Amino acid sequence: MSSSCPAPQESPEPTRRIIIAGATGTVGQLTATRLAAIGTHDLALLTRDPGRAAAEGLPGQLIGADFASVPILRRALRGADALMLITNDPLRPEHDINLLDAAAAVGTPHVVKLSAQAVTDPDADDIITRWQRENEQRLKASGLPWTLLRPRSFMTHALAWRDSIAKHGMVRGVYGDSLNACVDPADIADAAVQALTGTGHNQRIYALTGPRAISARDRTSILADVLYRPLVFEEISLDQARQEWRHRLPECLVDALALSAERQNSGAKAAVTSSVQEATGHAPRPFRTWAAEQASAFTTSTRARPFTHRLDPDAVASTAPLLHGKTVMITGASSGIGAAAARAFAAEGAAVVLMARRDDKLEHHARLIRESGGEALCVAGDVTESSDVQRAVDQARDTYGRLDAAFNNAGWASSGTPLHKTEDTDYDRIMDVNVRGVWNCLRAQITAMLETRTRGSIVNTSSVAGLRATGTAAPYIAAKHAVLGLTRAAADEYGPSGIRVNALVVGSTHTELMDEVLTQTPSLYEPFTSRAIQRRLADPSEIAQAALWLCSDRSSFTTGAAVPVDGGWTAR
C-alpha cells in the first residue's frame with residue numbers, strides 16, 4: 001500500500017471528530033492511518049470487534065458497539081462531525097439501517113459512504129448490489145449531508161491469488177481477457193480523507209476507477225514482472241468457479257459473484273473515470289504500482305533476482321490487442337513513420353503520447369485517434385531539448401500512470417553534401433536531432449521505467465546508413481551508427497531490470513522529407529531503391545508495424561537488436 005498521506009485540499013477545522021464505522025477492512029485501515037497522520041482530528045473507530053482493531057495497531061479511539069442496537073449506536077455517534085460508513089455484510093442489512101438511523105437521530109453533519117459502481121447498472125440485480133443500492137437510497141432520504149464513494153473492484157482482490165502463485169506459479173480465473181477498471185484502495189482512502197476533512201464534497205458521487213481497464217491475464221503478466229518469475233493464467237469455466245466459491249460462500253453470494261463475472265465479460269466494468277483526480281487532486285495509481293508495492297505479499301522471498309520473465313504462451317495466442325493497456329511515447333509523431341506509428345499503436349490498444357515540434361500536426365493526428373475510440377496525448381517539443389523530453393515523459397506518467405514503451409523516431413537529414421563541404425551547422429543539427437535526441441529520450445524514459453519498475457520496451461529509429469556507407473551525408477551515417485551504439489549499450493545495461501531496447505534499420509521510406517526530395521529531383525528514386533531487393537520505397541505503415549511488434553510483449557526475447565526493415569537492402 002502507498003504510504004503517502006495526502007493533505008486535504010481545504011484546510012480542515014481543528015479537533016474535528018471523525019468516526020469510521022468498519023475500520024478493520026482494507027479501506028478503513030488506510031483511511032484511519034491517513035487521518036491519524038494529518039494529526040488535527042479526533043479520530044474514533046466504531047467496531048464490533050475492538051480486539052481485532054487493537055491487534056491491527058490501528059490509530060484512534062476504539063469504540064466497541066453492537067451494530068444491532070440503535071441506542072448504543074446513537075451514544076457512539078453523538079458529537080461526531082463526520083462519519084465514514086464502511087460495512088461489508090449484505091447478509092446483515094440491519095447493521096447499515098441501524099447506523100443510518102442512529103446518524104440521523106443525532107444529526108451527524110456529514111456521512112461519507114463506501115458503496116459500489118454496480119448500483120447504477122440495471123443489470124446488476126444480485127444480493128450485494130441490491131443491498132448497496134438500498135443503503136444509498138436510505139442515506140439520501142435521511143436528510144443528512146452525504147458523499148458517496150463508488151469504487152470499481154479493488155486491486156487488492158488479486159491477493160486472493162497468493163497461494164496459487166506461491167505454490168504453483170499460476171493464477172486461475174474466469175473470463176481472463178475481460179476488462180475491469182479496478183482501483184487501488186489507497187486511492188479510495190485518499191478520496192475518503194478529502195471528503196471527511198475538506199469542503200465542497202456534499203451531495204457528490206465519486207465513481208472511482210484505476211487509470212486503465214485491465215484483464216486478469218494482464219494482471220498476471222504484471223505480477224510476473226514485479227515478482228521476477230514466470231506465471232501462467234489458467235482460465236476456468238464459470239461452473240468450475242461456482243463450485244470453488246461454494247466451498248466458502250452461501251449460494252446467494254455465489255450467484256452474486258457469477259453475475260458480476262458475467263457483467264464484466266460483457267464490458268460493464270471497463271469504463272474509466274476521472275473521479276480519483278477530481279476527489280484527491282492526483283492521478284489514479286496503476287495496477288503495476290500497486291503490485292510492486294505488494295510484491296512481498298506474493299512470495300516468501302523478496303531477494304532481487306535477475307530478470308527471467310517468460311511470456312505466458314496463452315498470451316501469445318490471445319486475440320487481445322498487442323498493446324492493450326500500455327502507454328507508449330512516440331517522437332517525430334507529426335508526420336511519416338511517427339504518425340503511422342501513432343495510428344497503428346492506438347489501433348492496438350495503446351494510449352499514445354505524441355511528441356513533435358509541430359503542435360497543429362500533432363493535434364490533427366490525435367483528433368483522428370480519439371474519433372476512432374483511442375487515447376492520445378499531445379506534447380509539443382524538441383527532442384534536442386532535454387527539458388522538453390522530460391516534460392513529455394512526465395505528462396505520460398501524470399496522465400496514464402506510467403510509461404510502458406517508447407518509439408524514438410524523430411530524425412533529421414540533409415542532402416548528400418560531400419564531407420569536406422559540409423557546414424558545421426549542418427553537422428550540429430544532424431547530430432543533435434539523431435543522437436542527442438535519442439540520448440535525451442533514453443535517459444528520461446529509462447528513468448521513468450525504473451522508478452515504476454516497469455518492464456518496458458524502447459525502439460530507436462536507425463537506418464541502413466547505420467550499417468553501411470550509403471552515399472548520404474557523412475554526419476548522418478555517423479549519427480545512425482551512434483544510434484545503434486546507444487541501443488546496444490542501453491539494452492545491455494538495463495536488461496537485468498526488464499527493459500528491452502532495440503533499433504530499426506530503416507530503408508528508404510515515403511516520408512514527408514523523402515517526398516520533397518523526390519519532387520525536386522525525380523532521378524534520385526533509382527539510387528534510393530536500387531540496392532533493395534524489393535526495389536521500392538517503404539510505406540510508413542510498414543515501418544510502424546515493425547516498431548509495434550518490438551514495443552509489444554510478442555517480442556519478449558528480442559533486445560539489443562538492429563532489426564532491418566529495408567526491403568532487403570542490407571541482405572546484399
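Which residues in H16 and H17 meet? In this predicted model, Ser-386, Val-389, Gln-390, Val-393 and Arg-397 of H16 are in contact with Asn-440, Cys-441, Arg-443, Ala-444, Gln-445, Ala-448 and Glu-451 of H17. By class, this contact comprises 5 nonpolar, 4 polar and 3 charged residues. H16 spans residues 386-400 and H17 spans residues 424-451, and their axes come within 9 Å of each other. The two axes cross at roughly 30°; H16 and H17 are therefore roughly parallel to each other, since an angle under 35 degrees is counted in that way. The crossing of H16 past H17 is right-handed.

The chain as a whole has 572 residues, of which 52% count as buried. Its secondary structure amounts to 21 helices and 18 strands. Along the principal axes, the C-alpha atoms occupy a box of roughly 95 × 50 × 45 Å. Among contacts in the chain with a separation of 6 or more, 76% are between residues 24 or more positions apart.

Two further helix pairs were examined. Helix H1 (residues 26-38) packs against helix H7 (residues 185-197) at an angle of about 50°, and the axes are 8 Å apart. H1 and H7 are therefore oblique to each other. H1 passes H7 in a right-handed crossing. On the H1 side, the contact is made by Thr-26, Val-27, Leu-30, Thr-31, Arg-34, Leu-35 and Ile-38. On the H7 side, the residues are Pro-185, Ala-186, Ile-188, Ala-189, Asp-190, Ala-192, Val-193, Leu-196 and Thr-197. The residues of this contact divide into 11 nonpolar, 3 polar and 2 charged.

Helix H14 (residues 336-347) and helix H21 (residues 540-551) pack at about 55°, with 8 Å between their axes. This pair, H14 and H21, is therefore also classed as oblique, and H14 passes H21 in a right-handed crossing. H14 contributes Gly-336, Ile-337, Ala-340, Ala-341, Ala-344 and Phe-345 to the contact. These meet Pro-540, Ser-541, Ile-543, Ala-544, Gln-545, Ala-547, Leu-548 and Cys-551 in H21. The contact of H14 with H21 has 11 nonpolar residues, 3 polar residues and no charged residues.

Cysteines were considered next. A disulfide is a covalent bond between the sulfur atoms of two cysteines. A search of the whole structure finds 0 disulfides. Cys-441, one of the H17 residues that meet H16, is in no disulfide. The nearest cysteine sulfur to that of Cys-441 belongs to Cys-551 and is 13 Å away, whereas a disulfide requires the two sulfur atoms to be within 2.5 Å. Cys-551 is itself among the H21 residues that meet H14. Cys-441 has a relative accessible area of 1% and is therefore buried, as the limit for that class is under 20%. Cys-182 is likewise buried, at 2% relative accessibility.

Two individual positions illustrate contacts and distances along the chain. Asn-180 lies in strand S8 (residues 179-180) and is buried, with a relative accessible area of 3%. Apart from neighbours within four places in sequence, Asn-180 is in contact with Arg-152, Ser-153, Arg-212, Ala-213, Ile-214, Gln-264 and Lys-269. The C-alpha atom of Asn-180 is 8.9 Å from that of Gly-210, 30 residues apart along the chain. Arg-217 is located in helix H8 (residues 216-227). The relative accessible area of Arg-217 is 12%, and Arg-217 is therefore buried. Between the C-alpha atoms of Arg-217 and Leu-323, which are 106 residues apart along the chain, the separation is 13 Å.

Backbone angles were examined at two loop arginines. Most residues other than glycine have a negative phi. Arg-453, although not a glycine, has a positive phi of about 55°. Arg-453 is placed in the loop between H17 and strand S16 (457-463), and is partly exposed, with a relative accessible area of 34%. Arg-535, also not a glycine, has a positive phi of about 50°. The loop holding Arg-535 runs between helix H20 (525-529) and H21. With a relative accessible area of 42%, Arg-535 is partly exposed.

How values were computed. Residues numbered from 1 in each chain as written. Predicted model: local features only at pLDDT ≥ 70, side-chain atom pairs only at ≥ 80, totals over all residues. Heavy atoms only, no water. Buried < 20%, exposed > 50% of the residue type's maximum accessible area, 1.4 Å probe, protein only. Axes fitted to C-alpha atoms, helices over the stretch in contact; angles between N-to-C directions. Helix = DSSP H or I, 4+ residues; strand = E, 2+ residues; numbered from the N terminus. Parallel < 35°, antiparallel > 145°, perpendicular 65-115°, else oblique. Left-handed = near helix turned anticlockwise from the far one by under 90°. Contact = heavy atoms within 4.5 Å. Nonpolar A, V, L, I, M, F, W, Y, C, P; charged D, E, K, R; others polar.
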